[in-house]
Structure formats: structure tokens, C-alpha cells
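Biologist: Could you walk me through this model with me asking and you answering? I would like to start with the charged side chains.

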Amino acid sequence: WEREIHRFAPGLRAHVHHGPARLGGDDFVAAALESDVVVTSYDVMTRDADLLERVVWDRLVLDEAQDAKNARTKRHRALRRLRRRRALALTGTPIENRLGELWSIMELVNPGLLGSREAFERTFARPIEMRRDLVALERLRALVGPFLLRREKDAPEVDLELPPITIEKVAC
């Protein structure tokens, strides 16, 4: 990601939070506040959740978000603890095994949209997975549809001219 940032957005200041020499404490908070982008891995984020929680992130971008598809894992719980104004999940495989994976990813980026995990299982997952309930499936599609952008692998590249973004962070 650091290489991609330097290539496609050379004006952004990137900080990589990874490896045994990564910053800790106030040094990390200062580096995060001085950076436009902080790149880390799910494993490091899980280990350093207390540290990353010290920053209020403007945007949390979860690449390969299927890595956080299980709401019962430390990884998912750590991600939910991160304070952020906005979140975005990028994944090529949002659902691999069960609809509960969709709930988990949506809960990270749109908390509460699909209700509690239990309510989601009762209202959507079991009716759709066990009884092939098309009414429940359409209701679910209507709820999540506005939040999903999908590009087919064989679709031509889309060239959008985007306005500049402002990235703000607040340390607590």
C-alpha cells in the first residue's frame, strides 16, 4: 500500500505501522497525526488495538475485509473498538460461507444497519439459508444495496475525476 500511495497519490504522507521497530505510545500518535494515511495489517492492528484506539480516525479502510468476517474473533472486536468517523470495506468475497459474514462486515462499516447479530440471524440468515425465503432476500438486498458498489472483473476501468479529500485526525 505504501508503494501504491507513493505512485498514485505522491502528495499524501504515509506512515507504515508494521514490524518489530514500529512506533509506540505518544510517538505513534504523533506520527499518525502528522500522516495522511497510516497503513498496517490486521494482525498488527489486533495486537496494537489499545494504541490505535488513541487516535480518532477520519476514515478506516478495510482492504480484504473478508479477513474480518467473523464477529466472534479478536480481530473483529478490535476493529469495532477503533474510533472513526467513516469506514469502508473492500472485498472481492464478502460472503464465502454464510450470510452472517455479510452482517459482520456491514457491522464494521454501518453499525446497527442490520440490527443485532441475533436479529439478523432470525430475520434474514435462517429464512434465506434454510428456507430460501425470497421475501427476506429482497428485504436484505434493499437494505444493503445502497451501500454496495460492485465491479465485475472483466469490466473496463473507470476513470473518475475526484475532488481533493481532506483527512483529519484527532488524538485523545
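Biologist: How many salt bridges does a search of the whole structure find?

Modeller: A salt bridge here is a side-chain nitrogen of Lys or Arg within 4 Å of a carboxyl oxygen of Asp or Glu. With that criterion, the search over the whole structure gives a total of 13.

Biologist: Before we go on, what should I know about the model itself?

Modeller: This is a predicted model, where local features need pLDDT of at least 70 and side-chain atom pairs count only at pLDDT 80 or more, while totals for chains, interfaces and linings use all residues. Residues are numbered from 1 along each chain as its sequence is written, and side-chain values use heavy atoms, leaving out hydrogens and water.

Biologist: Which helices does the salt bridge of arginine 75 and aspartate 43 tie together?

Modeller: The closest N and O atoms of arginine 75 and aspartate 43 are 2.5 Å apart. Helices (H or I, at least four residues) and strands (E, at least two) are DSSP runs, numbered from the N terminus. Arginine 75 lies in residues 74-81 and aspartate 43 in residues 42-47, so the pair links parts 32 residues apart in sequence, namely helices α5 and α3.

Biologist: Is aspartate 50 buried or exposed?

Modeller: Aspartate 50 has a salt bridge to arginine 81, with closest N and O atoms 2.4 Å apart. Aspartate 50 belongs to helix α4 (residues 49-52) and arginine 81 to helix α5, so parts 31 residues apart in sequence are tied together. Buried means under 20% relative accessible area, exposed over 50% and partly exposed in between (1.4 Å probe, protein chains only). Arginine 81, at 35%, is partly exposed, whereas aspartate 50, at 56%, is exposed.

Biologist: Now the aromatic rings: what is the angle between the planes of phenylalanine 28 and tryptophan 57?

Modeller: Rings of Phe, Tyr and Trp (its six-membered ring) pair if their centres lie within 6.5 Å; planes under 30 degrees apart count as stacked, over 60 as edge-to-face and the rest as tilted. The search of the whole structure finds two aromatic pairs. Phenylalanine 28 and tryptophan 57 have ring centres 6.4 Å apart and count as tilted because their planes stand at 55°.

Biologist: Where do phenylalanine 28 and tryptophan 57 lie?

Modeller: Phenylalanine 28 is buried, at 0% relative accessible area, and tryptophan 57 is buried too, at 9%. The pair ties together parts that are 29 residues apart in sequence, so phenylalanine 28 is found in helix α2 (residues 25-34) and tryptophan 57 in strand β3.

Biologist: How far apart are the ring centres of phenylalanine 120 and phenylalanine 124?

Modeller: Phenylalanine 120 and phenylalanine 124 both lie in helix α7 (residues 117-131), four residues apart, about one turn of the helix. Phenylalanine 120 is buried at 0%, and phenylalanine 124 at 5%. Their planes are at 45°, so the pair is tilted, and the distance between centres is 5.6 Å.
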